[in-house]
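Please read these points with the model open beside you.

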Amino acid sequence: MRAIIQKVTKASVTVGDRCTGSIGQGMCVLLGISTKDTDKEIEWMANKLVKLRIFNHPDTDKPWDADLLQCKFGILIVSQFTLQCVLKGNKPDFHNAMKAEQSELMYNKFVQVLKSKIPNSDTLVQEGEFGAFMQVHIQNDGPVTIPIESPESLSTQKVKPAKPQKQNNKNQGKKKVESSEVAKDETDKVVEQVTNDLDKKL
């Protein structure tokens with residue numbers, strides 16, 4: 001999953017003469033969903049967006065020190081399959097983009113997950129229109145533009161086998177030492193007995 005994040009003073013999306021979503025200060029996010037994306041990528045990207053510190057802190061005005069939640073800014077989400085483009089010579093190829101029907105389900109799920117993380121989301125979370133020909137109006141603030149891609153490892157994570165406890169290894173070592181000491185004691189006893197028998201005969 002790929003996203004282009006832009007810090008904005010305002011942003012909006014229109015389809016024809018109709019405005020589908022608009023925000024004031026906040027971030028506009030262009031979102032590209034790939035054929036490999038799952039619920040793990042949705043959760044990862046949603047968390048990254050709400051925690052990304054690209055704003056001035058509302059109390060100290062310190063730059064790069066506050067996220068959406070701290071500033072109570074808006075976020076405009078726009079689906080854009082062309083972010084999954086691969087160039088073949090000079091021609092763009094979009095085979096890595098998820099097919100429209102499945103991608104729409106993933107996009108809607110992403111928006112719902114994002115809304116669950118943002119208070120007053122009905123107002124602060126705005127959208128474009130999936131699959132429509134959109135005009136995206138962005139007034140970039142800075143300019144600040146940040147590309148983000150979910151790590152490939154999310155879809156290939158495996159449970160690591162538990163490491164053997166060191167304590168058990170120590171116990172095994174102690175048992176080996178104890179066994180060798182017992183064997184040594186038995187050998188000493190046998191040698192002592194044989195020596196005593198020889199002394200008696202002499």
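1. Phe-94 is partly exposed, because its relative accessibility is 31%. Here buried means under 20% relative accessible area, exposed over 50%, and partly exposed in between (1.4 Å probe, protein chains only). This is a predicted model, in which local features need pLDDT of at least 70 and side-chain atom pairs count only at pLDDT 80 or more, while totals for chains, interfaces and linings use all residues. Residues are numbered from 1 along each chain as its sequence is written, and side-chain values use heavy atoms, with hydrogens and water left out.

2. How many aromatic pairs does the structure hold? There are three. Rings of Phe, Tyr and Trp (its six-membered ring) pair if their centres lie within 6.5 Å; planes under 30 degrees apart are stacked, over 60 edge-to-face, and the rest tilted.

3. One of these pairs joins Phe-55 and Phe-73. Their ring centres are 5.0 Å apart and their planes stand at 80°, so the pair is edge-to-face. Phe-55 sits in the loop between helix 1 (39-51) and helix 2 (68-71), and Phe-73 in the loop between helix 2 and strand 4 (74-79). The pair therefore ties together parts 18 residues apart in sequence. Helices (H or I, at least four residues) and strands (E, at least two) are DSSP runs, numbered from the N terminus. Phe-55 is buried at 1% relative accessibility. Phe-73 is buried too, at 18%.

4. Phe-81 and Phe-94 make another edge-to-face pair, 5.2 Å centre to centre with 75° between the planes. Phe-81 lies in the loop between strand 4 and strand 5 (86-88). Phe-94 lies in the loop between strand 6 (91-93) and helix 3 (100-116). Parts 13 residues apart in sequence are thus tied together by the pair. Phe-81 is partly exposed, at 48% relative accessibility.

5. Now helix 1. Its buried residues are Glu-41, Ile-42, Met-45, Ala-46, Leu-49 and Val-50.

6. Asp-93 belongs to strand 6. Is Asp-93 buried or exposed? Asp-93 is buried, because its relative accessibility is 18%. Leaving aside neighbours within four places in sequence, Asp-93 is in contact (heavy atoms within 4.5 Å) with Gln-84, Cys-85, Val-86 and Lys-88.
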